[in-house]
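Colleague: I would like to learn how to read features in a structure like this one, step by step. Could we look at it together?

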Amino acid sequence: MRPLTAQARRIAALVWTERRLYLIGAVFVALSIGTGLAYPQVIRLIIDDGVQAGRTARLNQLAIALVVILLVESIATFVRDYCFNLGAERVAARLRRLVFETLLRQDVHFFDRRETGEITTRLWADVPVLQFVL
């Protein structure tokens, strides 16, 4: 079995090919976090400046701001999930292709020493676990 660092480097190389998607996703993670932190602040302002002060115009402004924040957060969450899921799908497809190409290059003795189920498990059951992590 290869050392863990060598395996991590090979996976990192696969992920690196999708760095643009992951970078875009990271930007939208930051945006989603920012809007998630702004939401309670606007609620506080609605209670303090709008409801308790009895200022209806301010309450309407803050309600519109809250709707905008929620829309931005939902769009940011959608784009974040899309980018990360697409990147993970592409990495998993590339990994499956590499495993399959490696299997095609093996000699007959390789297949004689291994069970068919073991090979199938490596190809179809292990990749989704890695894809979930990515």
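Predicted model: local features only at pLDDT ≥ 70, side-chain atom pairs only at ≥ 80, totals over all residues.

Colleague: How many aromatic pairs does a search of the whole structure find?

Modeller: The search of the whole structure finds three aromatic pairs. In general, a pair of aromatic rings is described by the distance of the centres and the angle of the planes. One of the pairs joins Tyr 22 and Phe 84, whose ring centres are 5.7 Å apart and whose planes make an angle of 35°, so that the pair is called tilted. This pair links distant parts of the chain, since Tyr 22 belongs to helix 2 (residues 19-52) and Phe 84 to helix 3, 62 residues apart. Tyr 22 is buried at a relative accessible area of 12%, whereas Phe 84 is partly exposed at 25%.

Colleague: What kind of aromatic pair do Phe 110 and Phe 111 form?

Modeller: Phe 110 and Phe 111 form an edge-to-face pair, with 5.2 Å from centre to centre and 90° between the planes.

Colleague: Now to the helices: at what angle do the axes of helix 3 and helix 6 cross?

Modeller: The axes of helix 3 (residues 56-104) and helix 6 (residues 126-133) cross at roughly 150° and come within 9 Å. An angle over 145 degrees counts as roughly antiparallel, which is why helix 3 is described as roughly antiparallel to helix 6. Helix 3 contributes Ala 88, Glu 89, Ala 92, Leu 95 and Arg 96 to the contact, and helix 6 contributes Val 127, Pro 128, Leu 130 and Gln 131. Sorted by class, the residues of this contact are six nonpolar, one polar and two charged. The crossing of helix 3 and helix 6 is right-handed.

Colleague: Which residues of helix 3 and helix 5 meet?

Modeller: Arg 96, Val 99, Phe 100 and Leu 103 of helix 3 meet Ile 119, Leu 123 and Trp 124 of helix 5. The axes of helix 3 and helix 5 (residues 116-124) come within 9 Å and cross at roughly 150°, so these two helices are also roughly antiparallel to each other. The contact between helix 3 and helix 5 has six nonpolar residues, one charged residue and no polar ones.

Colleague: Which residues does Ser 32 touch, not counting residues up to four places away in sequence?

Modeller: With those sequence neighbours left out, Ser 32 touches Glu 73, Ala 76, Thr 77 and Arg 80. Ser 32 lies in helix 2, and at a relative accessible area of 8% it is buried.

Colleague: And how far apart in space are Asp 49 and Glu 115?

Modeller: From C-alpha to C-alpha, Asp 49 and Glu 115 are 70 Å apart in space, and in sequence they are 66 residues apart. Asp 49, which is in helix 2, is partly exposed with a relative accessible area of 23%. Apart from neighbours within four places in sequence, Asp 49 is in contact with Arg 55, Arg 58 and Leu 62.

Conventions:
Residues numbered from 1 in each chain as written. Heavy atoms only, no water. Axes fitted to C-alpha atoms, helices over the stretch in contact; angles between N-to-C directions. Helix = DSSP H or I, 4+ residues; strand = E, 2+ residues; numbered from the N terminus. Parallel < 35°, antiparallel > 145°, perpendicular 65-115°, else oblique. Left-handed = near helix turned anticlockwise from the far one by under 90°. Contact = heavy atoms within 4.5 Å. Nonpolar A, V, L, I, M, F, W, Y, C, P; charged D, E, K, R; others polar. Phe/Tyr/Trp six-rings, centres within 6.5 Å; stacked < 30°, edge-to-face > 60°. Buried < 20%, exposed > 50% of the residue type's maximum accessible area, 1.4 Å probe, protein only.
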